[in-house]
Amino acid sequence: MSARAGNAVFVDVASRALSDVIDELAPLSDPVMLQGEPGSGKAFVARLLHARGRQARGPFVAVDCSTLDADAQRVALLGHEAGSVRGGFAAQPGWFERAHEGTLFLDEVQTLVPAVQALLLGVVQGGLVQRIGAPRACVVRVRLVCASSVALDGGRALLPGLRAKLCRHFVSVPGLAQRPDDIVPLAYHFLGRHAQRLHTVVPMLTPQAEWALRAHAWPGHLREMEALLQRALLRCVEGRV
């Protein structure tokens, strides 16, 4: 039996075990750390934690920390009042304010610079955030889910105090090659999504296509599969891929 929720398909024994872990952690308010290779589905897992948890009716805010430089990280985390930062003509809420009463997903959290990691730790511990230029802090109630594509055991990726706080609940997200029984159901999932967008029928996979999908190593995981099947859908002949 398969289980689908959001963009996840759970058929393989490894993904069913992951689904059980999500069910255990979803009702909690504690931070969760996800670790897995790029494209393995960490954002999907974060959305499931949100959807199955008490924060489901609140916002889900996703941030890729690796896309921001040090100055932008600080401003984006805290937010700012009008005129308090260069180019900030209008007031802007920070990550936690935007995610208030919901879930904040910080992908590649280890790329935050130490000074911003310290700010993040302060918000997590105190439940307060103060915009740049604001006279006082405000209360934020946010479920924090973080992710990293690199191992966080040892090393200097995270400040010790922040690592202890974020990694209390640690979840390893298996790559697609570790979930072989998910491959064909996921293929139909992605074909269905893009067929709906293109207003066309969902094609059938030929036996040769199924064999090729199962035999592939999938170094790019879900991202690679979705891109491949999107291209295949455009080239399908007589409703078959």
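Which element supplies the largest share of the lining of the largest pocket? Helix α5 does, with 3 residues.

Residues are numbered from 1 along each chain as its sequence is written, and side-chain values use heavy atoms, with hydrogens and water left out.

**View 1. The largest pocket.** Here we look at a pocket with a volume of about 330 Å³. (On a 1 Å grid over the protein atoms alone, a pocket is an open set of points where a 1.4 Å probe fits, with protein on both sides within 12 Å along at least five of seven lines; lining residues have an atom within 4 Å of a point. Points are joined across faces, edges and corners, and a volume is the space filled by probe spheres set on them.) Its lining has 18 residues, and Ser29, Asp30, Pro31, Val124 and Val142 sit nearest the centre. At least two lining residues come from each of α5 (114–126), β10 (143–148) and α6. (Helices are DSSP runs of H or I with at least four residues, strands are runs of E with at least two, and both are numbered from the N terminus.) By type, the lining splits into 8 nonpolar, 4 polar and 6 charged residues. (Ala, Val, Leu, Ile, Met, Phe, Trp, Tyr, Cys and Pro count as nonpolar, Asp, Glu, Lys and Arg as charged, and the others, Gly among them, as polar.)

**View 2. The second largest pocket.** This one has a volume of about 280 Å³. Among its 16 lining residues, Gly39, Lys42, Ala43, Asp107 and Arg223 are the closest to the centre. Two or more residues each come from α2 (42–51), β4 (60–64), β7 (103–107) and α9. The lining holds 7 nonpolar, 3 polar and 6 charged residues.

**View 3. Arginine 168 meets aspartate 30.** Their side chains form a salt bridge, at 3.8 Å from N to O. Arginine 168 is in the loop between α6 (160–166) and β11 (170–172), and aspartate 30 is in the loop between α1 (13–25) and β3 (32–35), so the pair ties together parts 138 residues apart in sequence. (A salt bridge is a side-chain nitrogen of Lys or Arg within 4 Å of a carboxyl oxygen of Asp or Glu.) Arginine 168 is exposed at 62% relative accessibility, whereas aspartate 30 is partly exposed at 22%. (Buried means under 20% relative accessible area, exposed over 50%, and partly exposed in between, using a 1.4 Å probe and protein chains only.) Histidine 169 also sits in the loop between α6 and β11, and at 18% relative accessibility it counts as buried. Leaving aside neighbours within four places in sequence, histidine 169 has contacts that include Leu25, Asp30 and Met33. (Contact means heavy atoms within 4.5 Å.)

View 4. The whole structure has 8 salt bridges. In one of them, arginine 179 pairs with aspartate 182, with the closest N and O atoms 2.8 Å apart. Arginine 179 is buried at 6% relative accessibility, and aspartate 182 is buried at 0%. Another joins glutamate 226 and arginine 193 at 2.5 Å, N to O. That pair links distant parts of the chain, 33 residues apart: glutamate 226 in helix α9 (221–235) and arginine 193 in helix α7 (183–197). Glutamate 226 is buried at 17%, while arginine 193 is partly exposed at 27%. Elsewhere, shared partners join Glu81, Glu97 and Arg131 into one salt-bridge network.

**View 5. Two residues with positive phi.** Glutamate 108 has a phi near 55°, a positive value in a residue other than glycine. Glutamate 108 lies in the loop between β7 and α5 and is buried at 12% relative accessibility. Tryptophan 218 has a positive phi of about 55° too, although it is not a glycine. Look for tryptophan 218 in the loop between α8 (207–215) and α9, where it is buried, at 1%.

View 6. The chain averages a pLDDT of 91, and 95% of the residues score at least 70. (pLDDT is the predictor's confidence in each residue, from 0 to 100.) Confidence is highest in β7, at 98, and lowest in strand β1 (3–5), at a mean of 40. Over residues 1–7 the pLDDT is below 50, and this stretch has 17 contacts in the model beyond near neighbours in sequence. Where pLDDT is low, the predicted coordinates should not be read in detail.

Methods: Predicted model: local features only at pLDDT ≥ 70, side-chain atom pairs only at ≥ 80, totals over all residues.
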